[in-house]
Amino acid sequence: TAEYTVSLTNDADSNSQEYELIVDFPPFMVDISRNYLDTLYAGTPLTLTCNITLDDLVDIPVLVTNQWTRDMIDITEPTITESLIQTDTNRYTATLEFYPLSATYDNGEYQCTVLVTANTGDYYTTNITNETSTDVVVEDLPDPEVVT
């Protein structure tokens, strides 16, 4: 948001008018991918990746942050690590790495919520959010077959 003043002055008179210009921050894309799509077993690793793509028209500095939750609760398990990196202009990845997966603790709906903050001037900051989710179902390893 910015305010502009248009002024007109001539020999007869002068006048001015103020206008406010509002520029909307474009929406952005968020999706989740997994490094393994088959049955997930306890004791194995898994990586969920939240792919964040800002519109190519975004040409101002932004701050991108994310929050992972499982069943709407913040993730705090020591066997899960989180990271967020910028991979290219207007492209980011937020990862959630499990090692090892637990059939007891890791089942649930995982949600990646992304907040983009754009400082568009001295007095105005734009915050926009987007989110996506995926289900994770972890099974115990089957008992091995005994061959005699």
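What is the handedness of the disulfide of Cys-50 and Cys-112, left-handed or right-handed, and why?

Modeller: Bear in mind that this is a predicted model. The torsion about the S-S bond of Cys-50 and Cys-112 is about -90°, so the disulfide is left-handed. The two sulfur atoms are 2.2 Å apart, and a pair of cysteine sulfur atoms counts as a disulfide within 2.5 Å. By this rule the count comes to 1 disulfide. Cys-50 lies in strand 5, residues 46-53, and Cys-112 lies in strand 10, residues 108-119, so the pair ties together parts that are 62 residues apart in sequence.

A residue is called buried if its relative accessible area is under 20%. Cys-50 has a relative accessible area of 0%, so Cys-50 is buried. Cys-112 also has a value of 0% and is therefore buried.

Some other residues can be set beside this pair. Arg-70 is placed in strand 6, which covers residues 62-70. With 15% relative accessibility, Arg-70 counts as buried. The side chain of Arg-70 makes a polar contact of 2.7 Å with the side chain of Glu-77. A polar atom of the Arg-70 side chain also lies 3.3 Å from the backbone oxygen of Tyr-105. Leaving aside neighbours within four places in sequence, the residues in contact with Arg-70 include Glu-77, Tyr-105, Gly-108, Glu-109 and Tyr-110.

Leu-63 is found in strand 6 too. Its relative accessible area is 53%, and a residue over 50% counts as exposed, so Leu-63 is exposed. Again leaving aside neighbours within four places in sequence, Leu-63 is in contact with Leu-115, Val-116 and Thr-117. Leu-63 and Asn-119 are 56 residues apart in sequence, and their C-alpha atoms are 8.7 Å apart in space.

Last comes a part of the surface. Val-6 is in strand 1, residues 2-9, and at 48% relative accessibility Val-6 counts as partly exposed. Together with Tyr-4 and Tyr-19, Val-6 forms a nonpolar patch on the surface. The accessible area of these residues together is about 340 Å².

To return to the request, the disulfide of Cys-50 and Cys-112 is left-handed because the torsion about its S-S bond is about -90°.

Technical notes: Residues are numbered from 1 along each chain as its sequence is written. This is a predicted model: local features need pLDDT of at least 70, side-chain atom pairs count only at pLDDT 80 or more; totals for chains, interfaces and linings use all residues. Side-chain values use heavy atoms; hydrogens and water are left out. Helices (H or I, at least four residues) and strands (E, at least two) are DSSP runs, numbered from the N terminus. Buried means under 20% relative accessible area, exposed over 50%, partly exposed in between (1.4 Å probe, protein chains only). Patches are made of residues with over 30% relative accessible area and no salt bridge: like charges are joined within 9 Å, nonpolar side chains (Val, Leu, Ile, Met, Phe, Trp, Tyr) within 5 Å. Accessible areas come from the Shrake-Rupley method with a 1.4 Å probe; for residues, only the protein chains shown count as cover. A salt bridge is a side-chain nitrogen of Lys or Arg within 4 Å of a carboxyl oxygen of Asp or Glu. A polar contact is a pair of N or O atoms within 3.5 Å; within protein, one must be able to donate a hydrogen and the other to accept it, and residues adjacent in sequence count only if both atoms are side-chain atoms. Contact means heavy atoms within 4.5 Å.
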